[in-house]
Amino acid sequence: MRLMLQPELIKSLKKYSGKTFITDLSAGIIVGIVALPLAIAFAIASGVGPERGIFTAVIAGFIISAFGGSKVQIGGPTGAFVVIVFGIIQKYGYSGLMTATIIAGILLILLGVFRLGGLVKFIPYTIITGFTAGIAVTIFTTQIGDFLGLTTGKMPGNFAGKIVVYGKALGTINWYAFAVAAVSLVLIFLWPKINKRIPGSLVVIIAATVATFIIGHFTGFKVDTIGSRYGAIPSMFPSPVLPSLCIDTLTELFPSAVSIAVLAAIESLMSAVVADGMIGAKHDSDMELIAQGIANIASPIFGGIPATGAIARTATNIKNGGRSPVAGMIHALTLLLVLLFFGRFVAYIPMAALAAVLVSVSWNMAGFPAIRGLLKGQKSDITVLAVTFALTVFIDLTVAIEVGLLFSAYFFIKKMIDVSEVRECRSSITGGLYSVNNHEQDAGKRQDTDFPHPLPSGVLIYEIEGPLFFGTVRKFELAVEQAGVDYYALVLEMQHTIYLDAGGLQALLQLKQACDRRHVTIILSGIHTQPYMLLEKTGTADRLDRKNIFDNIGGALERAEKIAASR
């Protein structure tokens, strides 16, 4: 383990300059302004007050930049957490969310301290694509009511329940709110053609707020605003509050905490990787996870929600010149100043405009190009994608990840079993390759390049291709059952076997017992490092007799011929 984990901020300040500060200051202010509507929108979509999104962006955003392992990462609330936060709020309230988020923060710190950041890379791409698309659909579903201006009352937490409520409330559609949302959505998608530096979501929020205020004043048309829905936005930061913890609550919320930790790790490290590619740098994934953990412990204590690295805001930071963690810290301070001095104006933002922002976010999150690519691939990938997506939408994100991992593991094991082979070689051998005459193998499948030599009499040779593990053991057992009394030496050619596990090891030992009863000697040939090290550690090398383990076929055949000749 590395003795010292150092935040990127410390490294950056060693070569910091006034010119860098100017660009960081400009980028930080711009990103802070851009982050304001997104922080509010994600908080509302998560089922909490809009101010909690701002608290999160300030506290978590500052900590992630100050202690993180990336130069340009921007942290805050993101759409990834909407599904799980909404579910926790519905069932346990904000106190339950505080507990789950703090547990998640502790888990993230442990992942970083023990340098387990690389584990996130083992989550299959199909699962990430599936649950991200599922989250996008869920976010879209939560915004239908505000987009159409429906009067729905309290919404259920599940997807099907929301659809039923929306269907019953269609008669309450507010056409003015719908017009605001539709125009806002169109403007968001068209704005990049006008200006790519200033995000369309910010332009829409400002324009919609001004337009609805003026039009409403002269015409009397009304739409729901943040103020009419949630009341005034506080212009001061809340005092820190610790949740009340008990064993039963911790146990019940632990699976949700794991999901928050996994999502935070995935999102932050994906964002950091994207950022690395944009600026030509390399982040410290372990330090980044520690920063994410600290941020997710502090955020709920100060009234916030879960946070992670935000890809869009990080990209905005880079495009506007941010090149050190100072930009991210300025982004957080900018949001704090907005909260303190302009928080009261947030109350005038129309809910329909926020709904348009979140609908555009869900569209971008859905990842249609990635899904189209996967749908052209293997059926196993399509199955994992579909299962993860469906479970995220209809059941629960935690269940979706767990079941997705199980399906992925099953299909991977099945593929390894399918590609593995155990072949008997009956006629001749060439160098390290066999000229095979096998009823299970098509003629001409392998061709010799050297002059073939006949196999010694009384010697049986099997070639194992692929990993020898618990999934392929039965193939191995069936193939070597022919080792009878007519053979005095059984050579296992393992030049294509680079992996051996406990199941494969047990199969070798069982085979040795069977061969001992028939007075047949087992000889291993072409053994690789991993299998040999396992044989050494477990003492199997001595049980097989080291004289019968060779790194090439020549020595193995010479040994087999001597054994056969002595019988």
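Which residues in H5 meet Ala370, Ile371 and Leu374 in H15? They are Tyr125, Thr126, Thr129 and Ala133, where meeting means heavy atoms within 4.5 Å. This is a predicted model, in which local features need pLDDT of at least 70, side-chain atom pairs count only at pLDDT 80 or more, and totals for chains, interfaces and linings use all residues. Residues are numbered from 1 along each chain as its sequence is written, and side-chain values use heavy atoms, with hydrogens and water left out.

**H5 and H15**

- By class, the contact of H5 with H15 has five nonpolar, two polar and no charged residues (Ala, Val, Leu, Ile, Met, Phe, Trp, Tyr, Cys and Pro count as nonpolar, Asp, Glu, Lys and Arg as charged, and the others, Gly among them, as polar).
- Helix H5 (residues 125-148) packs on helix H15 (residues 368-375) at an angle of about 130°, and the axes are 10 Å apart.
- H5 is therefore oblique to H15 (angles under 35 degrees count as roughly parallel, over 145 as roughly antiparallel, 65 to 115 as roughly perpendicular and the rest as oblique).

**H8 and H14**

- Helix H8 (residues 200-219) and helix H14 (residues 351-366) have axes 9 Å apart and pack at an angle of about 165°.
- H8 and H14 are therefore roughly antiparallel.
- From H8, Ser201, Val204, Ile205 and Ala208 meet Ala353, Leu354 and Val357 of H14.
- That contact of H8 with H14 has six nonpolar residues, one polar residue and no charged residues.

**Largest pocket**

- The largest pocket has a volume of about 1400 Å³ (on a 1 Å grid over the protein atoms alone, a pocket is an open set of points where a 1.4 Å probe fits, with protein on both sides within 12 Å along at least five of seven lines; lining residues have an atom within 4 Å of a point).
- It is lined by 41 residues, and those closest to its centre are Ile311, Ala312, Arg313, Val361 and Asn364.
- The lining of the largest pocket divides into 23 nonpolar, 13 polar and five charged residues.
- Elements that each supply at least two residues of this lining include H5, H8 and H14.

**Second largest pocket**

- The second largest pocket holds about 510 Å³ of space.
- Of its 21 lining residues, Asp146, Gly153, Met155, Arg229 and Tyr230 are the closest to the centre.
- H5 gives the largest share of this lining, four residues.
- The lining of the second largest pocket has nine nonpolar, eight polar and four charged residues.

Definitions and conventions: Axes fitted to C-alpha atoms, helices over the stretch in contact; angles between N-to-C directions. Points joined across faces, edges and corners; volume = space filled by probe spheres on them.
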